[in-house]
Amino acid sequence: MRSAVVVGAGIGGLSVAGALARSGWQVTLLERSDRVRPEPTAVVLWPNGVRALLALGLGAGLDAIATPLPDGGIRRPDGHWLVQPQALPADRMPVVVHREDLHDALIAGLGDRVELRTGVTVRTVRADAGERPAVGDGRQTFEADLVVAADGADSQIRQRLAPAAKVVSSGSAAWRAVIPWYRAPQLPTGQRVGGEVLGAGYRFVSASLGDRGSSGGSTRGGIYWVATAAGAARPEPPETQLALLRRWYAGWPAPIGELLEATDPADLVQQEIRELRPLPRAYGFPAGPGGVVLLGDAAHAMPPHLGRGACLAFEDAATLAGLLRESTLPDAVAAYDRVRRPRAAGMVRQTRRMSAVLQARGRLALRARDAALGTLTPRLINTAATNAAQWRPPT
Ligand SMILES: Cc1cc2nc3c(=O)[nH]c(=O)nc-3n(C[C@H](O)[C@H](O)[C@H](O)COP(=O)(O)OP(=O)(O)OC[C@H]3O[C@@H](n4cnc5c(N)ncnc54)[C@H](O)[C@@H]3O)c2cc1C
C-alpha cells in the first residue's frame with residue numbers, strides 16, 4: 001500500500017488527505033494546532049472549486065450548504081455604479097459556503113483511513129534522491145512515499161525546499177464576519193445584501209448565506225461580509241477594531257452601516273493580507289520512490305481579491321489525486337509540477353492586476369481607476385470567471 005504524509009489540516013490538507021485515503025493510500029495527516037478548527041467565516045467557491053470538490057468525491061453534500069452568489073455589481077462609496085450587476089449563466093455562478101459547513105464535509109470525507117495527529121509542528125523535511133521523503137517535528141520522523149506540504153502561507157517545508165519564495169505583506173488587512181440570521185438586521189424593501197463597494201484603499205463585499213428563516217442543510221446561515229483596508233492589521237482588541245470599521249465605512253451605501261452595527265466583536269476575524277513573491281521555483285520535488293509536493297497557500301498564497309485561494313487548493317488536490325491514479329508516483333510528482341505552476345502563476349497575475357485597481361489612492365489615480373473600472377474590472381473578472389468555468393480536473 002502506498003503511503004503519504006500530509007502536513008497541515010486546512011482545507012487543502014483535509015481535501016487531499018481524504019482523496020488519497022479513498023484511493024487506498026495509507027495517510028497520516030499532521031496538524032500543529034491541538035484541534036482542527038475552521039474560521040467562523042465563509043468562502044466563495046467558483047465553478048472550478050465546485051468542480052474540483054466534485055472530482056474529489058465531496059460534491060454530494062455541497063448543494064445543501066451552498067448558496068448561489070449572483071453578481072451584485074460594484075459601486076463607489078457615494079452609491080454611483082462603477083459596474084452594473086449582470087446576470088450570470090449557471091456555469092459561471094459562484095456559490096458561498098460557511099467555512100464550518102465546508103470543514104464538516106471535508107472531515108467527513110477523511111473517513112476512518114486517515115491517521116490524524118494534532119499538536120505536531122513540522123520543522124524539518126528530507127527530500128533526497130536516495131531516501132524516502134520524510135518530515136519531522138524535532139522528536140519524531142514521519143516517512144512516506146509522498147509528502148504533501150499543505151501547511152499554509154508560512155510553510156516550513158516550502159521555506160526549506162524553495163527558500164527564494166518569501167511571504168510578504170500585500171499592504172492591506174481584511175476583516176470578515178458572519179452575522180447569524182437571528183441577529184441580522186431586517187432591511188427595508190429595496191435594500192439588499194450583496195455586491196461590492198470600492199473606495200480609496202477600502203472595499204466592502206457582502207453576501208447572504210441561505211435565506212432568513214430557511215431550514216436548509218446548514219444551521220449556520222446569516223450575512224457574510226468582508227472589509228478590506230489599506231495598511232497594517234490593527235493591534236487593538238476586536239471592540240476597537242469594530243469601532244474603527246464603523247468609522248471608516250460611515251456614510252457608505254446601505255446596508256453597510258447596518259451590517260457593521262449588527263456585528264458582534266466576537267464575530268470579527270482580522271487577517272493581514274499576504275502573498276508569496278516570487279512563487280516557488282517548483283511545486284514537485286522528487287525524492288526516493290515519490291517526492292514532496294506543495295499544495296494550497298503553501299504553493300501560491302495570494303491576496304483574496306478574486307476569491308480564488310481555496311478554489312486553487314481544491315484544484316491542486318483534485319489534480320494530484322487524479323495524476324496519482326493514472327501514473328507512476330515519480331511521473332505524477334513531475335506532472336503535478338508541470339500542470340500546477342503555470343495555472344497558479346496565471347491566477348496570481350490576474351490577482352495582482354486586481355490589487356493594483358483596488359489599491360488605487362489619490363485623486364488622479366482614483367479618477368483613472370474609476371474611468372478604467374467600467375471596462376477593466378469586468379474584463380478581469382470575466383477572464384477570471386472564464387478561467388474558473390473552463391477548468392477541468394485530469395480525467
Ligand atoms: C480575507 C480572505 C478571504 C478569502 N476568501 C476566499 C474566497 O472567498 N474564496 C477562495 O477560494 N479563497 C479565499 N481565500 C483564500 C483561502 O482562505 C486560502 O487560500 C485557503 O484557506 C488556504 O488553505 P490551505 O489549506 O492551503 O492553508 P491554511 O488554511 O493556512 O491551512 C494550513 C494548515 O497547516 C497548519 N500548519 C501550518 N504550519 C504547520 C506546521 N509546521 N506543521 C503542521 N501543521 C502546520 C495550520 O495550522 C493550518 O491548519 C480568502 C483568504 C482571505 C485572507
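Strands (E, at least two residues) and helices (H or I, at least four) are DSSP runs numbered from the N terminus. This is a predicted model, in which local features need pLDDT of at least 70, side-chain atom pairs count only at pLDDT 80 or more, and totals for chains, interfaces and linings use all residues. Residues are numbered from 1 along each chain as its sequence is written, and side-chain values use heavy atoms, without hydrogens and water. Two cavities of 30 Å³ or more are present in the structure. A cavity is a set of points on a 1 Å grid over the protein atoms alone where a 1.4 Å probe fits but cannot get out, and lining residues have an atom within 4 Å of a point.

**Largest cavity**
- The largest cavity holds about 70 Å³ of space, a volume being the space filled by probe spheres set on the grid points, which are joined across faces, edges and corners.
- Its lining includes Ser172, Arg203, His305 and Gln359.
- Strands E15 (202-209) and E16 (222-230) are the elements that give two or more residues to this lining, and E16 provides the largest share, three residues.
- Five lining residues are nonpolar, five polar and one charged (nonpolar: Ala, Val, Leu, Ile, Met, Phe, Trp, Tyr, Cys and Pro; charged: Asp, Glu, Lys and Arg; polar: the others, Gly among them).

**Second largest cavity**
- The second largest cavity has a volume of about 50 Å³.
- Among the residues that line the second largest cavity are Arg75, Glu196, Phe204 and Pro255.
- Strand E14 (195-198) and E15 each supply at least two residues of this lining, with E14 giving the most, three residues.
- The lining of the second largest cavity comprises five nonpolar, three polar and two charged residues.

Conventions: 1 Å grid on protein atoms, 1.4 Å probe; cavity = no way out; pocket = protein on both sides within 12 Å on 5 of 7 lines; lining within 4 Å.
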